Amino acid sequence: MQTVLSIAIDALAYGMVLFVISIGLSVTMGLMRVVNLAHGAFAMIGGYIASYAARDLGLAYGFAIVLAVFGTILIAIPIERLLYRRIYGAPELTQVLMTIGITFCIIGIANYVFGPTLKTVPLPPQLQGSVDLGFRAIATHRLFAILCGLAVALALWYAIEKTAFGVKLRASVDNAAMAAALGVRTEIVYAVSFAVAVGLAAFGGVVGAELLPVEPYYALRYMVTFLVVVSVGGAGSIPGALLACLLLGGIDTTGRYLMPEFGEFFFYLAVIAIICVFPRGLAGRAKG
Amino acid sequence: MSMTTTNDLIAERPAKHRFGGGDLIGLGVILALAVIGYFLFPNNLALLTRIIAIALLVLSLDLVTGYCGVATLGHAALFGAGAYAAGIVSAHYGINDPIAMLAFGIVAGAIAGLICGAVILRAHGLPQLVLSIALIHLFHEFANKASSWTGGSDGLSGIAPSALIGLYEFDLWGRTAYVFGVVLLVLVFFILRLIVRSPFGMLCRAIKEDPIRIRSMGASPKAALMKMYIISGAVAGVGGALNAISTQVVGLDSLSFTMSAESLVMLVLGGTGSLFGALTGTIVFMFFEDVVSAANPFHWLTMVGALLIAVVLFAPKGLFGTAAAFVARRREAK
Amino acid sequence: MKRTFLAALAALAMSGAAYADTIKIGVVGPFSGPFALQGKNFKAGIDAYMAVNGSKVGDDDIEIIYRDVPQADPAQSKALAQELVVKEGVQYLAGFYFTPDAMAVTPLLEQANVPLVIMNAATSAIVTKSPLVVRTSFTTWQTSTPIAKVAKDAGVSKVISVVSDYGPGVDAENAFKAGFEAAGGQVVEAIRMPLATNDFSPIMQRIKDSGAEGVFAFLPSGPTTLGFVKAYNENGLKSGGIKFFAPGDLTQESDLPALGEAALGIQTTFHYAVSHDSPENKAFVEAASKAIGNPAELSFPSIGAYDGMHVIYKMIEATGGEQDAQKAVDAVKGLAWTSPRGPVSIDPESRHITQNIYLREVAKADDGTYYNKEVQTFEKQGDPGLAAVK
């Protein structure tokens, strides 16, 4: 029993970290219909900024997070204006080519500017160490990541389902021409959504840095994981992504505990099984 | 609201060649390039042979992605299966005749195509992409586990192809391997031209455009796509076997996500849905990579990234696709 | 066909003999991609050697040509090696971070008349693949065997072994097991985990449940190391008194700033620590730091490269700049010198480097940085792995 609980806790923590990092991708892919393979690159930029702010400038952790989010958005704005705007509505494969190109460039630049070593974001004393849950210890920052995940999920759900902006966004996604005719400035809606997605990526990059350390190859190393999680959930669905993260986190963690030798098999067989049962992802809607 | 599948989005290109002349021109261009390559880069034949092997992989990918609209990031599974099959029969069973090794590679590639097709064709769009990613990782893990057969992460060595038709040794200078590769490429290209323009090839294109209509016409889209997947596997198997024979070593990288993704990048770079596009993309990408990585082994990735971005900005249909469209427009203007 | 081939070979050999005023060395390594750091260290070691010893041997200028293989990719590695030999006319091949890349090149050597000096790839069997291979780095067996004795001496008799599931990981597992059982200990469980593991909490739970008193771990240096060591701390294994043993890949100097406090006290055995106290090492670290730019990036591949260059310089001296691979290799068999890592020699039989292996402990220096502090020396260690594979 204790072991089961213990695995469940690990699964929850891992799943939530995955969620925080990948949810931004779900926004770009599901709502904006851009296969954004550069998502990891933005998360990495966020991690680098936070690392620089907290470690080299000695700023507070919370301030470093804010700086990372807004710094990354600032960097992303010209990229969106010059490059992404050209691929909205373009064939998927063209988007893949463009975003992989962007990723390569960002990796190269990060390697040049920051060097190839690992960078960490030093945690404030409150988040260091472990919390004793009675039957086992869990790292405090993991609990923090779980809370962040829940907060992000709630905030996004509220923004998309309950606010005027959310209505405009959904309208622009479903029928951009009609939305524009009704007076929605789709360009601004897209720009804001993109900024939110990038900001979320950066936020996830910082919060998840304890698990996925920041280094130049980050952008490609974890890209597959993000892509898998988002697609299994059904791109664009917040609850779907949450469910997928918890499910895949659980399968991954259990597999790695029970038979680590076949950990990869477990994970990917589960992915295949889920998609065969839910060909549009867990929360995919019938027709887009 | 699922993702729109690639099928609907890839710009269709009308068949331009009404008669077989296009084939002859195409074959002529390949042969001319091969001869030019041989004399222009006599010391680079290893690279040229590698380009040919990868070109076969990209051609094979084009069959399913460009002609059938299947999005896959796991196509190296077919290539790797061919490479490992050719390698294993030589290293473990002493079958060293290059032609026999090639045959094993083709069969293994086709079988891998069957397996991959059976799984990948169960979904569309983004979930399909993820199925292919899961598959390639499973293949990779499997080869890693079966290390007594595949050499695991150390790579499969001890492949010793005997002389081709008993006459030409595979040596350091790689002339035999190169000529062998060129012959294979020309043969495959010729056969593929026939296939994609046969009624079956047209059916596949139609499935890409509108699978529902095809079904209502009484044809089975699934069966046609499976068939194409097996053909694609055989082609990728040729590439894999050529790679195993020419380099005499097979590594896990030949079953990797990286290689799958790279081949997709090359295909899109050249232009999907056209055999020439696949060739153009491979040649341009590999040459570019070779040149910039030799010029600056430390920071060449940025240059490759810039190339990809530039292609999307200035040649959105891929290098060959855009060039072909340009030529077609000029012709219409006259 | 055959005749042109022979003619070309002859021409190549002649050009090597008569006009070799520039001797080219082809270095293949991971200079970009996920292992760019290790490739950078190759270059730093080579640059450092040439800065200290000059870029000339006798009258011959030495020129280094770098080629990039970002991840293990034997086919690419072989194609590049072929290109280096045939097109660039290199007389020596060197570098090679990954075992499969080195293995792929060995069949070429004899025909190309080129020696191969391995600066990292650590699988024992490589040297058996061709008589023209010399290795100046280490093998996983060589660095993992002494830690077994350390573990036993520390009073640990039950150990769980946890390694990444790929060639070197399996090597480490076998080496430790052989050494530990010979010393009278027991490996209670051997876990192999996928290379792409991000979250190590379940593995830590497994370790706890196994009832072992210590854990032996091997992971490739880089991001996974960080996750593993952090998980070891955060899941209460460190505070629970489960001891941690590993070869030095886990605490390579360039990862230490990131590992920080978490790595404090971890014991590893390895062939080189940047902190090694000797005048030779002081000179090396100074030159290599200058070459790499950021001294915090300096790590173990640099020393393999540095000594590799030493071997190549000796080869060039012995052959007078002529291309004669066998003579070059013969000349360095038994060669002994004082490397920055300590006294080393090339074993005449295996052509692998015999060296001291050091037990080190991660410690905090006065200026707040972390380093590997050498606490014990195992002198003149050969490669036990060769006997094991035979």
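Predicted model: local features only at pLDDT ≥ 70, side-chain atom pairs only at ≥ 80, totals over all residues.
**View 1. Overall dimensions of chain C.** Residues are numbered from 1 along each chain as its sequence is written, and chains are lettered from A and ligands numbered from 1 in the order in which they are written. The C-alpha trace of chain C spans about 70 × 45 × 35 Å along its principal axes, and the chain has 14 helices and 15 strands (DSSP runs numbered from the N terminus, helices being H or I of at least four residues and strands E of at least two). Buried residues make up 62% of chain C, a residue being buried if 20 or more other C-beta atoms, placed from the backbone, lie within 10 Å of its own.

**View 2. Packing of helix H11 of chain A with helix H8 of chain C.** H11(A), residues 238–258, and H8(C), residues 201–210, pack at an angle of about 30° with their axes 8 Å apart, where axes are lines fitted to C-alpha atoms over the stretch in contact and angles run from 0 to 180 degrees between N-to-C directions. The two helices are therefore roughly parallel (angles under 35 degrees). A:Thr253, A:Arg256 and A:Tyr257 of H11(A) make the contact with C:Pro202, C:Ile203, C:Gln205 and C:Arg206 of H8(C), contact meaning C-beta atoms, placed from the backbone, within 7 Å.

**View 3. The side of chain B that touches chain C.** Here 30 residues of chain B are in contact with 32 residues of chain C. Helices H3 (45–65), H11 (221–247), H13 (275–295) and H14 (300–314) of chain B each supply at least two residues of this side, and H3(B) gives the most, with three residues.

**View 4. Helices H13 and H15 within chain B.** The axes of H13(B) and H15(B), the latter covering residues 319–333, come within 7 Å and cross at roughly 125°. The contact joins B:Phe276, B:Gly277, B:Thr280, B:Gly281 and B:Val284 of H13(B) to B:Leu319, B:Phe320 and B:Gly321 of H15(B).

Conventions: Buried ≥ 20, exposed ≤ 12 C-beta atoms within 10 Å, placed from the backbone. Parallel < 35°, antiparallel > 145°, perpendicular 65-115°, else oblique. Contact = placed C-beta atoms within 7 Å.
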